[in-house]
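Here are my notes on the model you passed along, point by point. Have the coordinates open while you read.

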Amino acid sequence: MEPTWSNTACKRLLLTSFTLCFILVLNPVLALDIYADPEVIIENGTTGVLRCSFKSSEVIGTATTVTWMFQSNQPDNPFAKAPYVLFYYFNGKGFDGLPAFKDRVQFVGDINKKDASIQLSKAQFSDNGTYLCDVKNPPDILATPARTELRVVLKESLPQSNTAVIIGAVCGAVLLLVLIAVSACVVMRVLHSRHDYEGCTSLESVSSHAPQPRKKVESSLESSRCSSPSGPVQGPVIYAQLVHSGSKNSFHKMEPVVYADIRKN
């Protein structure tokens, strides 16, 4: 009887194994995909969020559960040997696991949006370690928990925000564009004013050179007038008066006027 029982048990075990393999091969959609941030940095004494999301082909219902586990990376920590459940979420309610995280963990995700994130307040250096996010959504129960490495550091050790760098780069680019535009406007204005100045100079040169032929004509006319006068030119006239005195009945006699013409050489 004993060999018969063992053969029956072996057959059932083999049948069950083949069934599971058949389900896994032909129905891979039953597997869950869980995602989490590879690393999270939180300042000591502040609040941070450990994000976790998942994908499932099944409808989210009341049977969906979220389990967060913690394993310390400090050898002297009592939770360094294996992962321990620190938070459990089921049917819209959250339950604390480890006493060290009591009243410091809060569920901030939304199961209907496939978000299983939690919030950790009053972060401590003893919270450094690995956090595992595991989700079950029956019949999707096969999934590999997502891992997040938490680093609790001092404020001085926080990395610089990329937002400030991006804003600075954008402001610098905008300022550079403004400077280029202003420089272009100044150059265009200088070239335009120089063009106008050259135009005025050419006009003035034309107007200044235009009367020259007239001056030449006038000079020729003057020279011609000097060389060949059109009429007699009368120079200074010298008047002479002869006074005759004689007897009592003397009288003054005006002689004819004598004049002399002095002509210019």
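1. Is R151 buried, exposed or partly exposed? R151 counts as partly exposed, because its relative accessibility is 38% (buried is under 20% relative accessible area, exposed over 50%, partly exposed in between, with a 1.4 Å probe and protein chains only).

2. A word on the ground rules. This is a predicted model, where local features need pLDDT of at least 70 and side-chain atom pairs count only at pLDDT 80 or more, while totals for chains, interfaces and linings use all residues. Residues are numbered from 1 along each chain as its sequence is written, and side-chain values use heavy atoms, with hydrogens and water left out.

3. The structure has 3 salt bridges (a side-chain nitrogen of Lys or Arg within 4 Å of a carboxyl oxygen of Asp or Glu). R151 is in one of them, paired with E39 at 3.2 Å between the closest N and O atoms. That pair links distant parts of the chain, 112 residues apart: E39 sits in strand β2 (residues 39–43) and R151 in strand β11 (residues 146–153) (strands are DSSP runs of E, at least two residues, and helices runs of H or I, at least four, numbered from the N terminus). E39 is partly exposed too, at 45% relative accessibility.

4. R104 and D127 pair up with their closest N and O atoms 3.0 Å apart. R104 is buried at 8%, and D127 is buried at 2%.

5. The D134–K136 bridge has a closest N to O distance of 3.8 Å. D134 is buried at 13%, whereas K136 is partly exposed at 28%.

6. On to the nonpolar core (buried Ala, Val, Leu, Ile, Met, Phe, Trp, Tyr and Cys residues joined through side-chain atoms within 4.5 Å). The largest has 30 residues, and W68, L86 and Y131 have the most contacts inside it. Elements giving two or more residues to this core include β5 (65–72), β6 (84–90) and β10. Leaving out residues up to four places away in sequence, Y131 touches W68, L86 and F101, among others (contact means heavy atoms within 4.5 Å).

7. Last, S56, in the loop between β4 and β5. S56 is buried at 10% relative accessibility. Its side chain makes a polar contact with the N137 side chain at 3.0 Å (N or O atoms within 3.5 Å; within protein, one must be able to donate a hydrogen and the other to accept it, and residues adjacent in sequence count only if both atoms are side-chain atoms). The S56 side chain also reaches the backbone nitrogen of E58 at 3.3 Å.
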